[in-house]
Amino acid sequence: MKAKGKIIETKLEGWVDLGVCLILIPCLVSVFPVNEWILWRASDVIVYLLWTYLCWYLGRHAIPSMFASNKRWTALAVIFIATVLTYLMSLKQVSFPREMIADRPPRLYMYQQAVWVLYIAAMGAGLATGFLVLKLRRLEIVKEERTAAQAVQSAVEALAAHAVAGETVTVKADYKDVTVPLAAIQYIEARNNYACLHLDHQEDVVSQITMKALLEMLPEGKFVRIHRSYIVPVHRIESKKATAVKLVGVDTPLPVGRAHKENLK
């Protein structure tokens, strides 16, 4: 279903590009006195039309892609160069036969304004469409990442329930005994003379107990101390490096202490 949705989205974008190129831009050009131009300055009409298509492509595809790749200065440079070229094109002097000038003088000199109108319309429409599509794609990527993260989290919780099914640890917190399911523990953090148990979908449990004493209460082989300040469940380790461990369901990697590197092996 996801692949089908992407195919439909790609086709829709293609139809938008096709509609703009075959319908919108030609209609926009036809508003200006192209009859006189085609009869006397056909080459100018072709150049302006090609330039309009190029501006649409730059705004629709090239410039948004540069912004997406963090090449903002390059994108701004492209816009600046396109604007300068449009200005130079608008300065071009065009001569027409005297009888044509006498017939419709106001319309014959509209080509200078037309260059700017075509540029602004094509570039503006291209940028608006391009950045809208880019935004929608980013939202779709974020949605897919969240869905994947939720799936991984659910899988980890299921694995945790299997790995330490039914096992608990009882600690003192707020002057009373609190029983904590081992499957709910994300990791344990030392805070001065206290140990903070970070849990799934629950408030943290803070107990006045040393990390060493708490580790001895946990089932051997299912929890490991990676730092003087951290104990982690083995089944939650997603990846590990020499200096840090990434846990599923925990955004920030946890550091690995030099004295505890052997524990991970």
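Modeller: Helices (H or I, at least four residues) and strands (E, at least two) are DSSP runs, numbered from the N terminus. This is a predicted model, in which local features need pLDDT of at least 70, side-chain atom pairs count only at pLDDT 80 or more, and totals for chains, interfaces and linings use all residues. Residues are numbered from 1 along each chain as its sequence is written, and side-chain values use heavy atoms, with hydrogens and water left out.

Colleague: How many helices and strands are there in the chain?

Modeller: The chain has nine helices and ten strands.

Colleague: And what share of the residues counts as buried?

Modeller: Of the 265 residues, 36% count as buried. Buried means under 20% relative accessible area, exposed over 50%, and partly exposed in between, with a 1.4 Å probe and protein chains only.

Colleague: Where is R138 found?

Modeller: R138 is found in helix α7, which covers residues 111–163.

Colleague: Which residues is R138 in contact with, leaving aside its neighbours within four places in sequence?

Modeller: R138 is in contact with F67 and A68, where contact means heavy atoms within 4.5 Å. R138 and A68 are 70 residues apart in sequence, and their C-alpha atoms are 9.6 Å apart in space. R138 has 43% relative accessibility and therefore counts as partly exposed.

Colleague: On to the helix pair. At what angle do the axes of α3 and α4 cross?

Modeller: The axes of α3 (residues 42–68) and α4 (residues 72–90) cross at roughly 165° and come within 9 Å. Axes are lines fitted to C-alpha atoms, for helices over the stretch in contact, and angles run from 0 to 180 degrees between N-to-C directions. The two helices are therefore roughly antiparallel to each other, a term for angles over 145 degrees.

Colleague: Which residues make the contact?

Modeller: On the α3 side they include V47, W51 and F67, and on the α4 side L76, I79 and M89 are among them. By class, the contact has 14 nonpolar, two polar and one charged residues. Ala, Val, Leu, Ile, Met, Phe, Trp, Tyr, Cys and Pro count as nonpolar, Asp, Glu, Lys and Arg as charged, and the others, Gly among them, as polar.

Colleague: Now H227: buried or exposed?

Modeller: H227 is buried, because its relative accessible area is 18%. H227 lies in strand β6 (residues 223–227).

Colleague: What does the side chain of H227 reach?

Modeller: That side chain reaches the backbone nitrogen of S229 at 3.0 Å. Leaving aside neighbours within four places in sequence, H227 is also in contact with P255, V256, G257 and H260.

Colleague: Last topic, the backbone. What is the phi of D174?

Modeller: D174 has a positive phi of about 55°, although it is not a glycine. D174 sits in the loop between β1 (168–173) and β2 (176–181), and with a relative accessible area of 67% it is exposed.

Colleague: And where is H201?

Modeller: H201 is in the loop between β4 (194–199) and β5 (205–207). Its phi is near 55°, a positive value in a residue other than glycine, and H201 counts as exposed at 71% relative accessibility.

Conventions:
Polar contact = N/O pair within 3.5 Å; in protein donor to acceptor, adjacent residues only side chain to side chain. Parallel < 35°, antiparallel > 145°, perpendicular 65-115°, else oblique.
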